[in-house]
Amino acid sequence: LRLSRADSVSIGRVRDEIGTAKTSAALGWKLGRVEAEDVLLCRAALLESPLPPNWRAEIERGTGAVFPVTAADLMPNLQGAALGARLREIEARWLASDLTLIKAQLLA
């Protein structure tokens, strides 16, 4: 049997996130509900550990979250590759904070 391209991409995203330390909410924001659930279920199975507390509610919190910083917030000081690199760094900090840092904290 062959997987569709969309299924292959989805499985790849899940596989790539299994070994990360992203929280349930961060996974929900980054992957959406279905793939975030798949990641958490795979982690639990592979590590033979229980699912995190309130994991479904945390995924839903993540799917509804909005990244508080936009490229416009960093311009005109940054452009091109430097702008993209700074946005990725800010996003990583936001995800590590479990989606709790606000715009002012992220830009400081």
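Predicted model: local features only at pLDDT ≥ 70, side-chain atom pairs only at ≥ 80, totals over all residues.

Me: Is the crossing of α2 and α4 left-handed or right-handed?

Reply: The crossing of these two helices, α2 and α4, is right-handed.

Me: What secondary structure does the rest of the chain have?

Reply: The chain has seven helices and zero strands. Read along the sequence, the pattern is α-α-α-α-α-α-α. The C-alpha trace spans about 50 × 35 × 20 Å along its principal axes. Of the chain's 108 residues, 30% count as buried.

Me: How should I read contacts against distance in sequence, and what share join residues at least 24 apart?

Reply: Take the contacts between residues at least 6 apart in sequence; of these, 51% join residues at least 24 apart.

Me: Next, the aromatic rings. How many aromatic pairs are there?

Reply: Rings count as a pair if their centres lie within 6.5 Å, and by that rule there are three aromatic pairs. One of them is Trp29 with Phe67, at 6.0 Å centre to centre and with 50° between the planes, which is a tilted pair. Trp29 lies in helix α2 and Phe67 in the loop between α4 and α5 (71–74), so this pair ties together parts 38 residues apart in sequence. Trp29, Phe67 and Trp94 form one aromatic cluster.

Me: Are Trp29 and Phe67 buried or exposed?

Reply: The cut-off for buried is under 20% relative accessible area. Phe67 has 17% relative accessibility, so Phe67 counts as buried. Trp29 has 24%, and therefore counts as partly exposed.

Me: Last, the backbone. What should I look for?

Reply: Most residues other than glycine have a negative phi, and most peptide bonds are trans.

Me: Which peptide bond is cis?

Reply: The bond from Met75 to Pro76 is cis, with omega near 5°. Pro76 is located in the loop between α5 and α6 (80–96).

Me: Where is Glu48, and what is its phi?

Reply: Glu48 sits in the loop between α3 (33–47) and α4. Its phi is near 50°, a positive value in a residue other than glycine. With a relative accessible area of 75%, Glu48 is exposed.

Me: And what about Leu99: what is its phi, and is the residue buried or exposed?

Reply: Leu99 is not a glycine, yet its phi is positive, at about 65°. The residue lies in the loop between α6 and α7 (103–107). Leu99 has 10% relative accessibility and so counts as buried, whereas Glu48 is exposed.

Terms used:
Residues numbered from 1 in each chain as written. Heavy atoms only, no water. Left-handed = near helix turned anticlockwise from the far one by under 90°. Helix = DSSP H or I, 4+ residues; strand = E, 2+ residues; numbered from the N terminus. Phe/Tyr/Trp six-rings, centres within 6.5 Å; stacked < 30°, edge-to-face > 60°. Buried < 20%, exposed > 50% of the residue type's maximum accessible area, 1.4 Å probe, protein only. Contact = heavy atoms within 4.5 Å.
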